[in-house]
Amino acid sequence: REDLWVREGKILNPEKLFFDEKGSADIQLDCKDSIIAPGFIDVQINGGFGVDFSLATDDFKSGIDLVSQKILSHGVTSFCPTLVTSPPSVYHQVLPQISIRNGGTHGAGILGAHLEGPFISKEKKGAHPEHCLRTFEAGAFQDLLATYGSLDCVRIVTLAPEMKRSSEVIRELTKRGICVSLGHSVANLSQAEEAVQHGATFITHLFNAMLPFHHRDPGIVGLLTSDKIPAGRRVFYGMISDGIHTNPAALRIAHRAHPKGLVLVTDAIAGMGLAPGRHTLGQQVVEIDGLNTYIAGTKTLSGSVATMDTCVRHFQEATGCSVETALEAASLHPAQLLGIEHEKGTLNYDSDADFLMLNDSLYVQATYIAGEEVWRQDALGM
């Protein structure tokens, strides 16, 4: 019902404009009863539209540009390109080609890389290639540095906290402002709590690639209601709300147990936006059948082909939560996880004017970055 004021890429407090500057709007836009919401932030996306972020190619940069352009139509205004477990040579080639940058007409902003593996559990490797898995035993943090080559553009690292010496690694990463996520793990609850006490703040795709909830030892899932989380800290958890990776009842359980920590992620792979068939996920071949994605020849789920706006709609439908709650799970919560909630994830004054117009069914009508329209549905004759 209200107006949203934007100037120079930021959301403006109109009182200052009226009273101090005696100004008015230069351009007025009729939003035709749309919902205006903060742009979506995807902190786990492995690729899409035929591009796989875990493949070291000569035209890697044009691949990342293509994905950042195409996800604007899904309402994503910034993202963390995600690499699955790979040989060190891949990290050494790919990571220098990922640069943190603002979004714009060229595409969604890049917040830094999410490195999912290779320091994960063999038992819960999921779609990650076993021959590339590594441990910290020899040199702990030095091993990690040698594997990745550089942490300059790294924003999130997913690791298994039950690994020997993981505590030192978690502390070192946290000290550098890198978010540590627990995942692909057989950790019990006390190992998970210890990891959080050392600085971990996120859980990679809750319920997937971890021990199932057990009443005597709820494992990583137990962090949602743990009483051992340090005061003033919040544990966030990613969920792939595509109707395949997690049963709607599991989605509801997690949401009711810890609504403020839920972060929607797509975990999308190269096959997102493409026809069913065979595609890649890092070192593996993946088969897409409808919304199901499996490691070829197996029934191992491997990422998703769901788009972020689809995940938001499915989450809202499955949980019956309010529209605001569904939208915050894809915007405010990921921003809080990354510590950028003063710039992104809200429509507060002085924050970045990255926002969406949606219809009442939560389909994206238009996407704006820094106050500039970067995608509109009717412009593409859709």
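User: Which residues does Leu301 touch, not counting residues up to four places away in sequence?

Analyst: Contact means heavy atoms within 4.5 Å. By that test, Leu301 touches Ala127, Ile244, His245, Thr293 and Tyr294. This is a predicted model: local features need pLDDT of at least 70, side-chain atom pairs count only at pLDDT 80 or more, and totals for chains, interfaces and linings use all residues. Residues are numbered from 1 along each chain as its sequence is written, while side-chain values use heavy atoms, with hydrogens and water left out.

User: Why is Leu301 called partly exposed?

Analyst: Relative accessible area decides (buried is under 20%, exposed over 50%, partly exposed in between, with a 1.4 Å probe and protein chains only). Leu301 has 29%, so it counts as partly exposed. Its place is the loop between strand 17 (292-295) and helix 8 (308-319). Helices (H or I, at least four residues) and strands (E, at least two) are DSSP runs, numbered from the N terminus.

User: How do you know that the "binding site" residues do not all gather at one spot?

Analyst: The unreviewed UniProt entry puts this annotation on Ala127, Asn208, Ala209, Arg216, His245, Leu301, Ser302 and Gly303. They span 177 residues in sequence, and the farthest two C-alpha atoms are 29.6 Å apart, so they do not all gather at one spot. UniProt positions are given in the numbering used here, feature names are shortened, and annotations may be inferred rather than shown by experiment.

User: What makes Asn208 buried?

Analyst: Its relative accessibility is 15%, so Asn208 counts as buried. Asn208 sits in the loop between strand 12 (202-203) and strand 13 (236-239). Leaving aside neighbours within four places in sequence, Asn208 is in contact with Ile240, His245 and Thr246.

User: Why is helix 8 called largely enclosed?

Analyst: 9 of its 12 residues are buried, so the rest of the structure largely encloses helix 8. Among these buried residues are Met308, Cys311, Phe315 and Ala318. Their cover includes strand 4 (40-45), strand 7 (76-84), helix 7 (248-257) and strand 19 (364-369).

User: How do you know that the reach of helix 8 is close to the expected one?

Analyst: The expected span is 1.5 Å times one less than the number of residues. Helix 8 has 12 residues and reaches 16 Å from its first C-alpha to its last, close to the 16 Å expected. Just after helix 8, Gly320 takes a positive phi of about 65°.

User: What makes the side-chain pairs of Thr307 polar contacts?

Analyst: A polar contact is a pair of N or O atoms within 3.5 Å; within protein, one must be able to donate a hydrogen and the other to accept it, and residues adjacent in sequence count only if both atoms are side-chain atoms. The Thr307 side chain makes such a contact with the side chain of Asp309 at 2.7 Å. Another joins the side chains of Thr307 and Thr310 at 2.5 Å. Thr307 itself lies in the loop between strand 17 and helix 8. It is buried, with a relative accessible area of 14%.

User: What makes a space a pocket, and what volume does the largest pocket have?

Analyst: On a 1 Å grid over the protein atoms alone, a pocket is an open set of points where a 1.4 Å probe fits, with protein on both sides within 12 Å along at least five of seven lines; lining residues have an atom within 4 Å of a point. The largest pocket has a volume of about 1700 Å³, where volume is the space filled by probe spheres set on the points, and points are joined across faces, edges and corners. Its lining has 45 residues, with Glu2, Asp3, Leu4, Trp5 and Ile36 nearest the centre.
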